[in-house]
Amino acid sequence: MNDKETAAIADWSCTVNGRAVALQLPQARRLLDIIREDLGLTGTKRSCEIGRCGACMVLVDGAPVNACLMMAYQCAGRTLVTIEGIANEDDLHPVQRAFLEEGGYQCGYCTPGMIVSVKALLDAKPNPSFEEVEEALSGNLCRCTGYGGILRAVHRAIEEGQSRP
Ligand code: FES
Ligand code: FES
């Protein structure tokens, strides 16, 4: 931490995965670093760090956000959900299960960000069109899968969502 950052340290609080979190940190600290380094939630991945790949996607007040582009002061007091907060208490979230069952991953590095983006889409729109799915995933890059398994997983999650009472 340089002198400028140290001088800017202040109280910071948020709700993260349903728990109140209070820290002291530089207000320009990136949300990605807070999540991974200060909170130890390493499911959120660090990759391009310039907002291009979606590996660091988290939900801020329910909307998908690249954590590498958001600073502490921009998310103070808001509600954050990381991939660790997506599962239900004793079971995977349906989107996680669909990725698992349809083989929507290879190395898995992009998978947390993909799942966060898909969850945000289906929370807002349970029965999206193919174009809406493509649009929702346009900020998430996968270098391994060719997207076939990922799109199968999304469509399975949509179908299962519709068959739930
Ligand atoms: S690491 Fe944030 S978008 Fe790539
Ligand atoms: S599964 Fe490897 S980057 Fe997507």
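This is a predicted model: local features need pLDDT of at least 70, side-chain atom pairs count only at pLDDT 80 or more; totals for chains, interfaces and linings use all residues.
Trainee: Why is Ala67 called buried?

Mentor: A residue is buried if 20 or more other C-beta atoms lie within 10 Å of its own, exposed if 12 or fewer, and partly exposed in between, with C-beta atoms placed from the backbone. Ala67 has 27 other C-beta atoms within 10 Å, so Ala67 counts as buried. You will find Ala67 in the loop between E4 and helix H3 (72-75).

Trainee: And why is Asn88 called exposed?

Mentor: Asn88 has 9 other C-beta atoms within 10 Å, so Asn88 is exposed. Asn88 sits in the loop between strand E5 (79-81) and H4.

Trainee: Why does Glu49 count as partly exposed?

Mentor: Glu49 has 15 C-beta neighbours inside 10 Å, so Glu49 falls in the middle class. Glu49 lies in the loop between helix H2 (31-38) and E3. Its phi is near 65 degrees, a positive value in a residue other than glycine. From Glu49 to Ala67 there are 18 residues in sequence, and 8.7 Å in space, C-alpha to C-alpha.

Trainee: Which residues does Ala67 touch, leaving out residues up to four places away in sequence?

Mentor: Ala67 touches Leu31, Leu32, Ile35, Thr44, Cys56 and Val58. Two residues are in contact if their C-beta atoms, placed from the backbone, lie within 7 Å.

Trainee: How do you know that E3 and E4 pair?

Mentor: Two strands pair if DSSP finds at least two bridges between them. Strand E3 (residues 57-60) and strand E4 (residues 63-66) have 4 bridges, in the antiparallel sense, so they qualify as a pair. For instance, Met57 stands opposite Asn66 in E4. The two strands form a hairpin with 2 residues between them, and Asp61 in the turn has a positive phi of about 50 degrees.

Trainee: Why is Asp61 called exposed?

Mentor: Asp61 has 12 other C-beta atoms within 10 Å, so Asp61 counts as exposed.

Trainee: Why do we say that the buried residues of H7 line one face?

Mentor: The buried residues are Ile150, Ala153, Val154, Ala157 and Ile158. Seen down the axis of H7, they fall within an arc of 135 degrees, so they line one face of the helix. The arc is that of the directions from the helix axis to the C-beta atoms. The face turned away from this buried side carries the exposed residues Gly148, Glu159, Gln162 and Ser163.

Trainee: What do the buried residues of H7 pack against?

Mentor: They pack against H4, H5 and helix H6 (130-136).

Trainee: What makes a set of residues a nonpolar core?

Mentor: A nonpolar core is a set of buried Ala, Val, Leu, Ile, Met, Phe, Trp, Tyr and Cys residues joined through C-beta atoms within 7 Å. The largest such core here has 44 residues, and Ala67, Ile115 and Ala157 are among those with the most contacts inside it. Its largest share, 7 residues, comes from H5. This core draws at least three residues from each of domain 1 (3-85) and domain 2 (94-163); the domain bounds come from an automatic or database domain assignment.

Trainee: How many residues does each domain give to the contact between them?

Mentor: Domain 1 gives 15 residues and domain 2 gives 12 residues.

How values were computed:
Residues are numbered from 1 along each chain as its sequence is written. Chains are lettered from A and ligands numbered from 1 in the order in which they are written.
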